[in-house]
Amino acid sequence: MDSQMKKGMMEACILSVLSRGDSYGYQLIKDLEPIMGLSESTLYPVLRRLEAAGCLTVYSVEHNSRLRKYYAITDEGRKRIADFMDEWAEVKRVYDFIAEVNVGV
């Protein structure tokens, strides 16, 4: 899969999970495991990029005497999901065209 497309899908998946409620890194990895395998080294740069873009906010909560970072989606993040869905409809039309033209190839 094209790396740019995968990056966009990964961001949309992370934001979609956060649209259900705030979460932290390890839980995000577990929630996304059935959809796409993510490692910490993959997840955290994406979270930082989404934070820098204003798509999520970060806050800390003490858990077992340690601070745990939680991520919360913003209105900009919700807009990013909507934009992804609009773009996906366009990608789907192109995919359907290619599949139709290449039936039996």
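## A tour from a loop to a helix pair

Start by selecting Asn-64, which is exposed, with a relative accessible area of 64%. Keep in mind as you click around that this is a predicted model. Asn-64 sits in the loop that links strand 2 (56-63) to strand 3 (66-73). Now check its backbone: phi of Asn-64 is near 55 degrees, a positive value in a residue other than glycine. For context, most residues other than glycine have a negative phi.

Next, step along to Ser-65. Where is Ser-65 found? In the loop between strand 2 and strand 3. Its phi is positive too, at about 65 degrees, although Ser-65 is not a glycine. Buried or exposed, what is Ser-65? Ser-65 is exposed, and its relative accessible area is 68%.

Two packed helices are described by the angle between their axes and the distance between the axes.

To see what touches, show side chains for Cys-13, Ile-14, Val-17 and Leu-18 in helix 1. Across from them, helix 2 brings Leu-28, Asp-31 and Leu-32 to the contact. Colour the contact of helix 1 with helix 2 by class and you get six nonpolar, no polar and one charged residues.

Terms used
Residues are numbered from 1 along each chain as its sequence is written. This is a predicted model: local features need pLDDT of at least 70, side-chain atom pairs count only at pLDDT 80 or more; totals for chains, interfaces and linings use all residues. Side-chain values use heavy atoms; hydrogens and water are left out. Helices (H or I, at least four residues) and strands (E, at least two) are DSSP runs, numbered from the N terminus. Buried means under 20% relative accessible area, exposed over 50%, partly exposed in between (1.4 Å probe, protein chains only). Contact means heavy atoms within 4.5 Å. Ala, Val, Leu, Ile, Met, Phe, Trp, Tyr, Cys and Pro count as nonpolar, Asp, Glu, Lys and Arg as charged, and the others, Gly among them, as polar.
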